[in-house]
Amino acid sequence: MSQAISDFMSVKETAEYLNVSVTWMYREAAKAGIARYKFGKGRNAKIRFKTSEVNAWVRQQRLE
């Protein structure tokens with residue numbers, strides 16, 4: 001797999017990584033501040049999450 005492709009995770013992969021549901025990812029991720037990327041158009045478009053941005057978001061959730 002090329003580096004550019006591995007920089008992104010699918011909705012399912014991101015949900016598993018964060019231990020949340022796929023439904024939560026679709027409904028709440030943008031509200032929570034996790035940027036989404038859309039590849040393609042129409043019904044065949046794929047939503048992806050940039051791995052480095054998901055990791056940065058996780059670090060921001062740390063409680064003192």
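**A walk through a predicted fold**

Hello everyone, let's begin at one residue: N19 is exposed, with a relative accessible area of 71%. By exposed I mean over 50% relative accessible area, while buried means under 20% and partly exposed is in between, using a 1.4 Å probe and protein chains only. N19 sits in the loop between helix 2 and helix 3. This residue has a positive phi of about 60° although it is not a glycine, and its place in the chain is just after helix 2.

A word on where these values come from. This is a predicted model, in which local features need pLDDT of at least 70 and side-chain atom pairs count only at pLDDT 80 or more, while totals for chains, interfaces and linings use all residues. Residues are numbered from 1 along each chain as its sequence is written, and side-chain values use heavy atoms, with hydrogens and water left out.

Now the whole chain. The protein chain has 4 helices and 3 strands, and from the N terminus on they follow the order α-β-α-α-β-β-α. Helices here are DSSP runs of H or I with at least four residues, strands are runs of E with at least two, and both are numbered from the N terminus. The C-alpha trace spans about 40 × 25 × 15 Å along its principal axes. Of the 64 residues in the protein chain, 20% are buried. How much of the contacts with a separation of 6 or more comes from residues 24 or more positions apart? The share is 45%, where contact means heavy atoms within 4.5 Å.

Strands of a sheet pair through backbone hydrogen bonds, either parallel or antiparallel. Two strands count as paired if DSSP finds at least two bridges between them; strand 1 and strand 3 (residues 46–50) are joined by 3 bridges and run antiparallel. Within this pairing, F8 stands opposite K50 in strand 3.

Strand 1 also holds S10. S10 is buried, at a relative accessible area of 16%. If we set aside neighbours within four places in sequence, S10 is in contact with I47, R48 and F49.

What lies against the sheet? Which residues of helix 2 are buried? They are V11, T14, A15 and L18. These residues cover an arc of only 100° around the axis, so they lie on the same side of helix 2; the arc is that of the directions from the helix axis to the C-beta atoms. The general rule is that an α-helix has 3.6 residues a turn, so residues three or four places apart point the same way. The buried residues of helix 2 pack against strand 1, helix 3 (22–32), strand 3 and helix 4 (51–60). On the other side of helix 2, K12 and E16 are exposed.

Last stop, the aromatic rings. The structure holds 2 aromatic pairs. Rings of Phe, Tyr and Trp (its six-membered ring) pair if their centres lie within 6.5 Å; planes under 30 degrees apart count as stacked, over 60 as edge-to-face and the rest as tilted. F8 and Y37 form an edge-to-face pair, 5.3 Å centre to centre with 80° between the planes. Because F8 lies in strand 1 and Y37 in strand 2, this pair ties together parts that are 29 residues apart in sequence. F8 is partly exposed at 22% relative accessibility, and Y37 is partly exposed with a relative accessible area of 28%. F8 and F39 also form an edge-to-face pair, at 5.3 Å centre to centre and 80° between the planes. This pair links F8 in strand 1 to F39 in strand 2, distant parts of the chain 31 residues apart. F39 is partly exposed, at 40% relative accessible area. Put together, F8, Y37 and F39 form one aromatic cluster.
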